[in-house]
Amino acid sequence: MEQPTNRVFSGVQPTGNLHLGNYLGAIRNFVGLQETHECIYCVVDMHAITAWQDPKELAHNTREVAAAYIAAGVDADKQVIFNQSKVSAHAELTWILNCVARIGWLNRMTQFKEKAGKNRENASVGLYDYPVLMAADILAYRATHVPVGDDQKQHLELARDIAQKFNNDFAEFGGEDFFPQPEPLIMGAATRVMSLRDGSKKMSKSDPSDMSRITLTDTADDIAKKIRKARTDPEPLPSELDGLKDRPEADNLVGIYAALADVTKEAVLQEHGGSQFSSFKPALADLANERLSPITGEMARLMEDTTYIDSVLQKGSQRASAIAQPVVARVKEIVGFI
Ligand code: TRP
């Protein structure tokens, strides 16, 4: 079976409120990887339902993530864009990998602990098993590289452990070296976008305050207003990076500016050091609109007629199946299914 050396797999959950953090931390990076890698970009609708989703919204949000990939610049003809539930290999491989992964490993997953919170008894079994589905996503394609943010690093390590244990458990049966170890691609420093209301919390889809995030469906006016109202401190911007210490809100806005302008935070401070927020914020709003409006505009256009998006997902899932199905067929053979 062919083993590519540069195959990227990544996914975004269609849980609505796609925001600036999703764009700068994930989707934007997907675009650059096309130059050097064969890329498979998934809309992970099966991960989304680990917490209840309104079915109508799920369908809308699934298309919206696909639209964001395309609008940001992923080439739907060259790369594979599809939604997870259309390719049965994900569910099938998850079951087999469930029997490889250990309960003790899953019990260490910090994201589950955070998401399940105090009411763990009432969390879905799917939420607990989420990292195994993610391992199946990656391993079904024998992907070699996975762009991940900080919060998914532990899940990727789990995928590596599962791959290794599968290879060991079935070494005598054709499993030796079957799954490659997927490598993380840690993206640039500016990937952590924090809430506009609280610089100590990540920008999040689920924050009850809409003012905490800039979404990819916001208008220019929305964006300007959210930045104008973003929480800050009364000091002017420092000229050196050191001066951002213990100023999480200032640090966040400078980080967003740097990421949007594609420069370092040092460079932003060189230009804007000494400025009051009353002048920095409008500059940031202009930049945000300049960078985001081509993407949000294209997304809105794509969402108006969903036949194109649906055809991309359809074609993508056929291409994804063509890659994943032989892998899963071989896995079934290795474990002894007839
Ligand atoms: N769990 C990831 C997230 O919420 C999404 C995801 C699902 C993913 N499967 C993946 C990311 C495989 C990378 C590779 O961000």
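Visitor: Where is Gly 73 placed?

Guide: Gly 73 belongs to the loop between H3 and strand E3 (80–83); helices (H or I, at least four residues) and strands (E, at least two) are DSSP runs, numbered from the N terminus. This is a predicted model, in which local features need pLDDT of at least 70 and side-chain atom pairs count only at pLDDT 80 or more, while totals for chains, interfaces and linings use all residues. Residues are numbered from 1 along each chain as its sequence is written, and side-chain values use heavy atoms, with hydrogens and water left out.

Visitor: Why is Gly 73 called partly exposed?

Guide: Buried means under 20% relative accessible area, exposed over 50%, and partly exposed in between (1.4 Å probe, protein chains only). Gly 73 has a relative accessible area of 33%, so it is partly exposed.

Visitor: What makes Gln 53 buried?

Guide: Its relative accessibility is 16%, so Gln 53 counts as buried. Gln 53 sits in the loop between helix H2 (45–48) and helix H3 (55–72).

Visitor: Which backbone oxygen does the side chain of Gln 53 reach at 3.1 Å?

Guide: That is the backbone oxygen of Ala 51. The Gln 53 side chain also reaches the backbone oxygen of Ala 48, at 3.3 Å.

Visitor: Is Arg 142 buried or exposed?

Guide: Arg 142 has 6% relative accessibility, so it counts as buried. You will find Arg 142 in the loop between H7 and strand E4 (145–148), with a positive phi of about 45° although it is not a glycine.

Visitor: And is Asp 177 buried or exposed?

Guide: Asp 177 has a relative accessible area of 65%, so it is exposed. Its place is the loop between helix H8 (153–169) and strand E5 (183–186). Asp 177 is not a glycine, yet it has a positive phi of about 60°.

Visitor: How many disulfides does a search of the whole structure find?

Guide: The search finds zero. A disulfide is a pair of cysteine sulfur atoms within 2.5 Å. For Cys 39, the nearest cysteine sulfur is that of Cys 42, 13 Å away, and Cys 39 is in no disulfide. Cys 42 is in no disulfide either, its nearest cysteine sulfur being that of Cys 39.

Visitor: Why does Cys 42 count as buried?

Guide: Cys 42 is at 0% relative accessibility, so it counts as buried. Cys 39 is at 1%, so Cys 39 counts as buried too.

Visitor: Which residues surround the ligand?

Guide: Among them are Phe 9, Ser 10, Val 44, His 47, Met 134 and Ile 138. H7 gives the most to this shell, with four residues. Strand E1 (7–12) and helix H7 (125–139) each supply at least two.

Visitor: What lies 2.7 Å from an N or O atom in the side chain of Tyr 130?

Guide: A nitrogen atom of the ligand does. A ligand nitrogen is also 2.7 Å from an N or O atom in the side chain of Asp 137. For Gln 152, a polar side-chain atom lies 3.0 Å from a nitrogen atom of the ligand.

Visitor: How much of the ligand does the protein bury?

Guide: Taken alone the ligand exposes 370 Å², and the protein buries 89% of that.

Notes:
Near = heavy atom within 4 Å. Polar contact = N/O pair within 3.5 Å; in protein donor to acceptor, adjacent residues only side chain to side chain. Areas by Shrake-Rupley, 256 points an atom, 1.4 Å probe, with all protein chains shown as cover.
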